[in-house]
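Here is a briefing on the structure shown below.

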Amino acid sequence: MSRPRLVVIGNGMVADRLLEELLRLAPDLYDIVLFGEEPWPAYNRILLSPVLAGEQEITEILTRDDAWYAERGIDFRKGVRATRIDRARRLVHGADGSVVPYDRLVLATGSRPVVLPIPGRDLEGVVTFRDIADVERMRAAAARGGRAVVIGGGLLGLEAAAGLQRLGMEVTVVHLLDRLMEQQLDDIAARMLREDLEGRGLRFLMERRTRAILGERRVEGVAFEDGETIPADLVVMAVGIRPETTLAREAGLHCERGIVVSDTLQTYDPRIWAVGECCQHRGRCYGLVAPLFEQARVLANQLAELATLRYEGSVTATKLKVTGIDLFSAGDHLGRDGEPLVLHDPGAGVYRKLVLKDDRIIGIVLYGDTVDGSWYFQLMQDGTDVSSLRETLLFGQVRLGDSGHDPVARVAGLPDDAEICGCNGVCKGTIVRAITEKGLFTLDEVRAHTKASASCGSCTGLVEALLAHVMGGHYERPRGERPLCPCTDYDQDTIRRTIVREGLKSIPEVMHFLEWKTPDGCRVCRPALNFFLMVAWPEEYRDDPASRFVNERVHANIQKDGTYSVVPRIFGGVTTPAQLRALAEVAERYRVPTVKITGGQRIDLLGVRKEDLPHIWRDLTAAGFVSGHAYGKAVRTVKTCVGSEWCRFGVQDSTSLGIALEKLCWGAWTPAKVKMGVSGCPRNCAEATIKDFGAVAVESGWEIHVGGNGGVKVRTTELLTKVATAEEVLEYAAAFLQLYREEGRYGERTAFWIERIGLDELKRRLVEDPEGRRALAARFREAQARAQRDPWRELAERAPAEEFRALAEVPA
Amino acid sequence: MTAAVLAIRWVAVGRLEALPPRRGRAVRVGDRRIALFRTGDDRLFAVEDRCPHRGGPLSEGIVHGHCVTCPLHDWVIDLAEGRAVPPDEGRVRTYPVRVVDGRIEIGLGTAP
């Protein structure tokens, strides 16, 4: 049976991404014919600026070779322009006289540089800046030296100007307005940029309208409307791009500025789609790579006949890719519509403007120091309420107690050997090389290739900043929430809502309903789904051990040598001689190599062999211990100080409350680990203000603090409320944990959760809505009635000790 | 000339029902540590139980597709190929597996 034929016109970055994605989803669905006008296989257009500047060669930016197409059965018409579409007969005509029928057609014709309709535009030596041929022309001209005039002081013009200057030309930039990059910058940032570029030897002629390009055969000069003329050996027109719609218009497809498409990228002809710079979606045309890749992903999904994705538009951010200039801009940068926060240090060359509206960031302009760009951009995209950050917001993320980022706070200016990812020991140079040599575009790709930010994730912002830095104006985070993992296109919140709405009761059901791309997920999504189902259906759902990380499956903490550590629960950190004796005996009986007091006031037995685990548990259970859950995404410990029972400063009984709190909460599974603390007076010896949930005693009762973190990213708690009695503390703890269980994202510590939703939202749900709080607490207690079974006792009693041994031991 | 008679030596290591889908188990053969897996589509694989990265016990990893993720540092190992999934690089030895009368057998090189 013959397969339907898909014809793709255009072989730019978006078409290339589309093909890659489509072949991954549906490798055998179509016979594919690809028209590419340029005599090259696909290449990375973004890197034309470094090629122009002589920092890279053309061969280095090719992303495919001819074999790639051949191996995938793609009929690649290299160097052949499509000249006409015959919609009635469903044919595409090529410039080489070929005629190709289609069943489905994709237009990925990109855009053309705008050429000003002025005399002299056809002279030799007048070029645009769009493709490899343009770069070759410019480099050839630069080799002869002389004077270059760049018309257009936008992103592309400035990149071209900087490149030509690096090649030794004397460069003048001509701009129509009084402000460079007016689409991205406000007055101050534009002025700083201009001064910096002037300092490097670029010359600017502002507010000049070009009247003509002068010369007989070759360009000799440029004339302006005010009568002035300047000499030129090369003129680069960089006044903008226009979607390339000629083919579409001639075929009678509805076009405005671009080819008009729906949310599925379909044109008015249901057999024809358009994607990339040539299309116009909801009135907007995009020119940056991230939204266009998002379109490619959606279209691949549609063409693969999955039809689960739609494109809903993108928010874009810009970064200038000129070595040594740091500039970041996004959203409503002028702030006519909002309230600007400004930090301006002309001496240090730093300028930061954030535009706020209704306590949310709606515009960003950063100059001179852009390391926080991706963080601000994320806050903007997520619509995060920043009112509580307002005082320090302008100083950046580093100022928010973010000691984890400290050694690498200035990503652009860092040396190549600076370590970005502490977990995996990945340096800046390694990441930059991987991005440029392997042509990486997304955070996931960088993670896969370098492992940077693949472990604790605290350097994610830095890696994104590096991507933005290397890729210049062309990297942004995808709009909206990140998918849970590469197995799905859906984010965590959507998945959880769907589980509840559709009554999905098992991992296979969820994967089937949401059309997982892999047969049975991965190590990221399976544990998350297991958790979501457990919280959604506490009574019915049966835990899936195969979807648990080893620690939560064997209820111990795997160590680097494959042995385990065992931490019995010691409620509130208060123990007895009998307990200590029992622990000592167990440690000796099983020859535990290391016994260690943990930071959470518990005793850790390290180096236990897996086959000994059931026996150790049996002995510990007999001595009255339960599991300390020191291995799981679960409630870990409640750290206490001695409080009013002994301490001369103590004002409340912190140990009793700590014990009660731990008795209430132990056994609960949570999106990420939860640590608690109870201090008997404001001296706070239990360090309750860096715990996920902390109670600090005052004369009149208890302060309740939430969202602290002592780990990767130190964050102190925020005060949720003050209550009079220990019972109220317990109710708040139960409600807080339940809300976190129901709405926190898997793997997201409470600190990040609260930063995401805002303390005000938490107060609204827990403090201002007593009924809601009590309902949450009641749900928590119901779930606890089932969850508070000691896994050690269960495992020891079920006595499948053989499960903890090798399946077989066979002589050699 | 007579053909050399080479046969795989099959060693029984347990009943199929001792190994639920998407789970791994460790098997010891002399000094060798072997990880045995049953994938979601009910296929069996056996590989050396040592991650090529830092020697982690693959038998304790999460099984997905025909892969396992090492519990120590999340390297993903292709069980059929006996290779780390790119961009990671490294190999683990693979062993043939079969089921005879509900009993799992691992093939351990040639019999003498």
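Strand β37(A) runs parallel to strand β2 (residues 23-29) of chain B, and three bridges join the two. Within this pairing, Ala808(A) has Val27(B) as its bridge partner in β2(B). The model is predicted.

**Interface between chain A and chain B**

- On the chain A side, 33 residues are in contact with 30 residues of chain B.
- Chain A and chain B bury about 2600 Å² between them. Carbon and sulfur atoms account for 58% of that area.
- Arg523(A), Leu807(A) and Val810(A) supply 27% of the area that chain A buries against chain B.
- The polar side of the interface comes to 12 residue pairs in polar contact, both residues at pLDDT 80 or more.
- Four elements of chain A each supply at least two residues of the side that touches chain B: α13 (443-450), α17 (525-536), α18 (550-554) and β37 (808-810).
- Of the elements in chain A, β37(A) gives the most to this side, with three residues.
- By class, the side of chain A that touches chain B has 16 nonpolar, 12 charged and five polar residues.

**Salt bridges between the chains**

- Five salt bridges are counted between chain A and chain B.
- One of them joins Arg523(A) to Asp74(B), with the closest N and O atoms 3.1 Å apart.
- Are the two partners buried or partly exposed? Asp520(A) has a relative accessible area of 5%, so it is buried. Arg22(B) has 26% relative accessibility, so it counts as partly exposed.

**Salt bridges within chain A**

- Over all chains, the count comes to 63 salt bridges.
- Lys353(A) and Asp186(A) form one through their side chains, at 2.8 Å from N to O.
- This pair links distant parts of the chain, 167 residues apart. Lys353(A) is in strand β24 (residues 350-357), while Asp186(A) is in the loop between β11 (170-174) and α7 (187-199) of chain A.
- Lys353(A) counts as buried because its relative accessibility is 8%. Asp186(A) counts as buried because its relative accessibility is 4%.
- Arg179(A) and Asp187(A) form another salt bridge, at 3.2 Å from N to O.
- Arg179(A) has 16% relative accessibility, so it counts as buried. Asp187(A) is partly exposed because its relative accessible area is 49%.
- Glu294(A), Arg297(A), Asp489(A) and Lys517(A) are linked in a network of salt bridges.

**Helix α15 of chain A**

- Which residues of helix α15 (residues 492-502) are buried? They are Gln492(A), Thr494(A), Ile495(A), Arg496(A), Thr498(A) and Ile499(A).
- The cover over these buried residues includes α16, α17 and α22 (726-743) of chain A.
- Asp491(A) caps the N-terminal end of α15(A). A side-chain oxygen of Asp491(A) lies 3.0 Å from the backbone nitrogen of Asp493(A).
- Just after α15(A), Gly503(A) takes a positive phi of about 60 degrees.

**Phe395 of chain A**

- Phe395(A) is in the loop between α11 (390-393) and β26 (419-421) of chain A.
- Phe395(A) is partly exposed because its relative accessible area is 45%.
- What does Phe395(A) touch, not counting residues up to four places away in sequence? The contacts are Leu343(A), Arg352(A), Asp372(A) and Tyr376(A).
- Arg352(A) and Phe395(A) are 43 residues apart in sequence. In space, the C-alpha to C-alpha distance between Arg352(A) and Phe395(A) is 8.8 Å.

How values were computed. Residues are numbered from 1 along each chain as its sequence is written. Chains are lettered from A and ligands numbered from 1 in the order in which they are written. This is a predicted model: local features need pLDDT of at least 70, side-chain atom pairs count only at pLDDT 80 or more; totals for chains, interfaces and linings use all residues. Side-chain values use heavy atoms; hydrogens and water are left out. Buried means under 20% relative accessible area, exposed over 50%, partly exposed in between (1.4 Å probe, protein chains only). Contact means heavy atoms within 4.5 Å. Buried area is the accessible area (1.4 Å probe) that two parts lose on being put together, summed over both. A salt bridge is a side-chain nitrogen of Lys or Arg within 4 Å of a carboxyl oxygen of Asp or Glu. A polar contact is a pair of N or O atoms within 3.5 Å; within protein, one must be able to donate a hydrogen and the other to accept it, and residues adjacent in sequence count only if both atoms are side-chain atoms. Ala, Val, Leu, Ile, Met, Phe, Trp, Tyr, Cys and Pro count as nonpolar, Asp, Glu, Lys and Arg as charged, and the others, Gly among them, as polar. Two strands pair if DSSP finds at least two bridges between them.
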